[in-house]
Amino acid sequence: MEITEGILIAIITGVPALVSAIVSLIASRITIWAENKKMKMAWNHEEKMQYEREFAEMLTSVKFLLDRKTSTELKDAIEKINIVRVKSTGSVASLLDNLYSEVAVASITDADWWKIETRLANLVDARREQSKNQKDR
C-alpha cells in the first residue's frame, strides 16, 4: 500500500491538532483538580469559621443563662449547646455532653449554677487546647 502525497499531508496536519487536543485535555484536568482543591479548602475554612461562631454563641447563651437565670435563657442555652454538640469531637464533645446533661435537666429554681459554670470553664479550656493542637499540625 502506497501512501499518497495527500494522505501524508493530512497525517502531518492532523498530528498537531491531535497533540493540541491532548494537551488541552490534560491542562483542563489539572485546572479542574486545582480549582476543586481550592474549593474544598474554602469550604473547610468556612465550616471551621461557622463552628467558631456557633461555639461563641453557645458560650454567650450559657453565660447569659448563668447571669439572668430565666427560662428563656435556659431554652436558648439548650438549643445552642445542641447545635455545637453535633459538630464537636474529642474531649470538647464529651464536655459538651456533660454540660448539656446538666443544663437540660435544670430548672431555674433548683439548678446547680456553680456546676454549670465549672463545666463551662472546663469546656473553654478544652476548646483552647483543641485549637492549639490543630494549629500545631
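Analyst: Happy to! The largest pocket holds about 420 Å³ of space. A pocket here is an open set of points on a 1 Å grid over the protein atoms alone, where a 1.4 Å probe fits, with protein on both sides within 12 Å along at least five of seven lines; lining residues have an atom within 4 Å of a point. Grid points are joined across faces, edges and corners, and the volume is the space filled by probe spheres set on the points. Of the 15 lining residues, K48, Y51, E52, R127 and Q134 are the closest to the centre of the pocket.

Some ground rules: this is a predicted model, where local features need pLDDT of at least 70 and side-chain atom pairs count only at pLDDT 80 or more, while totals for chains, interfaces and linings use all residues. Residues are numbered from 1 along each chain as its sequence is written, and side-chain values use heavy atoms, with hydrogens and water left out.

Back to the lining: helices α1 and α4 each supply at least two residues, and α1 gives the most, with seven. Helices are DSSP runs (H or I, at least four residues), numbered from the N terminus.

An α-helix has 3.6 residues a turn, so residues three or four places apart point the same way. Y51 and F55 are both buried, meaning under 20% relative accessible area (1.4 Å probe, protein chains only).

R127 comes up again here, lying over the face of F55 at 5.9 Å from the ring centre. A charge sits over a ring if NZ of Lys or CZ of Arg is within 6 Å of the ring centre and within 35 degrees of the ring normal. Elsewhere, the charged end of R68 sits over the ring of F64, 4.2 Å from its centre.

One more stop in α1 is S61. S61 has a relative accessible area of 2%, so this residue is buried. Leaving out residues up to four places away in sequence, S61 touches E73, D76, A77 and K80, where contact means heavy atoms within 4.5 Å.

Note on methods: Buried means under 20% relative accessible area, exposed over 50%, partly exposed in between (1.4 Å probe, protein chains only).
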